Structures are given as structure tokens and as C-alpha cells.
Amino acid sequence: DHLVNQIAAGEVVERPASALKEMLENSLDAGASKITVDLAQGGIKLIRVTDNGSGITADDLPLALDRHATSKIASLDDLEQVGTLGFRGEGLASVASVSRLTLTSRPADSAHAHQIIAIDGALHPVEPAAHAPGTSVEVVDLYFNTPARRKFLKSENTEYAHCEATFERIALAHPQVEFLLRHNGKVIWRLPVQDLAERVAALLGKDFISEAIAVETSAGSMTLSGFVGSPTYSKASRDAQYFYVNGRFVRDKTAQHALRQAYRDVLHHDRHPVYALFLSMDPAGVDVNVHPTKIEVRFRESQAIHQFLFHSINKALAATTA
Ligand code: ADP
Ligand code: MG
């Protein structure tokens, strides 16, 4: 069973950044308004996420590390209507099976906190601990017990870059949440509660936002909002393409193509545009569960999505060049 867990963990926890993503999504699902991330050595040595969310009761601590024990799906129907970000009930269990994990938590109405330690997937007894209301998940020595997998990790710098990208993608979509990111003790990002424009400015640059075009369009049950780079914005980068579907960061061929076409159509050049765009749509029209670690989605009607994105951005750009 332990081996099964470790193999399954490889599917979910490809690298430190995937563990970080699971942990950040859990903090958001718990309604946190402040999230602090500490990384050491690119996340390989340490990933600690501390939040002020709803917390976990002492009784529920072992359950949180139990495979397939999610508190987030009440019925199978919910799988279609995924309201929360993490929903497979295997995130923490998977991380625990390939690390030394400490989960410390205190619900707001508890007098103090409790803690559970999982080493090599084995749970130690729940003990009292000190912690402010909320939860800390500390993941130490990822893959210490699976050397073959550990060998696949890239340099600390590369793993750190993946962690930072994960952090930025999530932070961009949650300007109402305060975030802090430290790496090897050094503060990298300190993001206060902001509105979206301020958060985009913080992460994508003031020069981007000062000329960016605000987008706000809808068609049927679809809404597109956010910011696209102005026609004169000269930086072009695929790394600065932030596209979200129902709050989830995705990299999608349909969307990339539609946006690139829209720029080409109006501006007659073929650079990679910079954008931070949020598409919200009926969850039944999109399959986000293609693969746990993948950031891809499958649209039921990708042609309609393509048209909507193309026309929305085309119109926004045309208005500025008219
Ligand atoms: P899932 O998120 O799919 O339910 P996880 O393995 O990621 O599965 O988490 C298991 C459970 O642990 C969650 O359903 C939740 O009840 C609890 N949990 C995990 N992290 C947190 C957190 N930061 N705050 C509150 N509860 C948490
Ligand atoms: Mg989760």
C-alpha cells in the first residue's frame, strides 16, 4: 500500500512546485486571507505554507493525510461542479508519502493547535502544538525516500523558478489574499490585499498596467475580464501569459491561438502578447481534471470559446487603435 502511495505520489507530486500548488490550493479552499510561503533550496529542502484559514480539528488531522479522504466532495455530482480548487482528496497524502510532512492546525474556535507528523507516509500520533488560528503544512526533504525520483529533479534554481511561477499564478488570481514568499530566508514577494489592477501591476510590472487595456465582455454564460498589453507595449513573452478558467491557471492552445490571432488581426505583427485574463463559464463546459499536475483543460465547445476570446480581444484592441 505504501508503494502504491509512492507511485501515485509521482503522478501528483512531479516536483516541489506541484506540492506547493496543492498546498496553496488547500489554503485558498480553507478561506485564508493571508498565506505565507517559505522555501529552502528550491523547495527540495523545505516547503512551508502557513495560512489563517478555517483550520482542521484534532480528530480530522489524520484524515487530512489519508488518501482519498477529501472533505470537499459531498456527492459524485460535485465532481462536475468543482467549486473548490483541489478536489481529488490525494494531494496531502501523496506529498506525505514522499517527504517528512508536519501538519499543524487550529480552528478559530479551538483553544490551541494540534499537530501530526508523517514520515515516509507513516502517521505519528496527534499531539498538542502552538499555532495561531489556521494551518501550517511543512514538507521537508521531498523524495528523501525515493532516490530514483529525486534524481529527476533539476537544479535548485530551476526547481525554485517553478515554485515561484506557481506562486505567481495563484497570487495573481487572488488579489484579495495577502501573500508572502520567502526563499532561503529572503523575502521575494510581499503582496498586500489589493485590487486586481494593483496585483497585476505588482506581478507584471507598472509599465504593463499603465498602458494595459482593461477587458470586460460577456456572451451567454461566458465572461472575460482582466488586462491585455497595449498595442505599444513592447515586451513580448510567453511567460507573461496568464489565462485562467474559473479561477484556475491554465495553458490552453485554443486560448493562446485566439489571442494571438486577435493581436495579429489588429496590429499586423506576430509577437507573443502579454495578458492576465480570467474566463468564467459554466463548469460543465470544461473538463479541468485532465491530469492532476497538468495545467491543461478541455473545452466541450472549443470553437465557441475561440470565437468569444478572439472577438473580445479584437474589439478591445481595435478601440485603442481607432
Ligand atoms: P483535497 O484538497 O482534494 O480535499 P488534500 O489531500 O489536498 O485533498 O487535503 C485533504 C483535506 O485536508 C482537505 O479536504 C481539507 O479538509 C484538509 N486540509 C488540507 N489543507 C488544509 C488547510 N490549509 N486548511 C484547512 N484544511 C486543510
Ligand atoms: Mg487539496
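**Core and helix packing**

Modeller: This is a predicted model. Take Leu277: leaving out residues up to four places away in sequence, Leu277 touches Val215, Leu224, Gly226, Val228 and Phe243.

Biologist: Which residues have the most contacts inside the largest nonpolar core?

Modeller: Leu20 and Leu277. That core has 76 residues.

Biologist: Switching to helices. At what angle do H2 and H6 pack?

Modeller: About 25°, with the axes 8 Å apart. H2 covers residues 16-29 and H6 covers residues 156-172. Angles under 35 degrees count as roughly parallel, so H2 and H6 are roughly parallel to each other.

Biologist: Is their crossing left-handed or right-handed?

Modeller: H2 and H6 cross right-handed.

Biologist: And which residues of H2 and H6 meet?

Modeller: H2 brings Pro16, Ala17, Leu20, Lys21 and Leu24. H6 brings Glu159, His162, Cys163, Thr166, Phe167 and Ile170. By class, this H2 and H6 contact has 7 nonpolar, 2 polar and 2 charged residues. Leu20 shows up here, and Leu20 was also named for its contacts in the largest nonpolar core.

Biologist: What about H6 and H7, how do their axes cross?

Modeller: At roughly 160°, coming within 10 Å. H7 is residues 196-204. Angles over 145 degrees count as roughly antiparallel, so H6 is roughly antiparallel to H7. The crossing of H6 and H7 is left-handed.

Biologist: Which residues make that contact?

Modeller: Glu168, Ala171 and Leu172 from H6, with Arg199, Val200 and Leu203 from H7. The H6 and H7 contact counts 4 nonpolar, no polar and 2 charged residues.

Methods:
Residues are numbered from 1 along each chain as its sequence is written. Chains are lettered from A and ligands numbered from 1 in the order in which they are written. This is a predicted model: local features need pLDDT of at least 70, side-chain atom pairs count only at pLDDT 80 or more; totals for chains, interfaces and linings use all residues. A nonpolar core is a set of buried Ala, Val, Leu, Ile, Met, Phe, Trp, Tyr and Cys residues joined through C-beta atoms within 7 Å. A residue is buried if 20 or more other C-beta atoms lie within 10 Å of its own, exposed if 12 or fewer, and partly exposed in between; C-beta atoms are placed from the backbone. Two residues are in contact if their C-beta atoms, placed from the backbone, lie within 7 Å. Axes are lines fitted to C-alpha atoms, for helices over the stretch in contact, and angles run from 0 to 180 degrees between N-to-C directions. Helices (H or I, at least four residues) and strands (E, at least two) are DSSP runs, numbered from the N terminus. Angles under 35 degrees count as roughly parallel, over 145 as roughly antiparallel, 65 to 115 as roughly perpendicular and the rest as oblique. A crossing is left-handed if the near helix is turned anticlockwise from the far one by less than a right angle, and right-handed if clockwise. Ala, Val, Leu, Ile, Met, Phe, Trp, Tyr, Cys and Pro count as nonpolar, Asp, Glu, Lys and Arg as charged, and the others, Gly among them, as polar.
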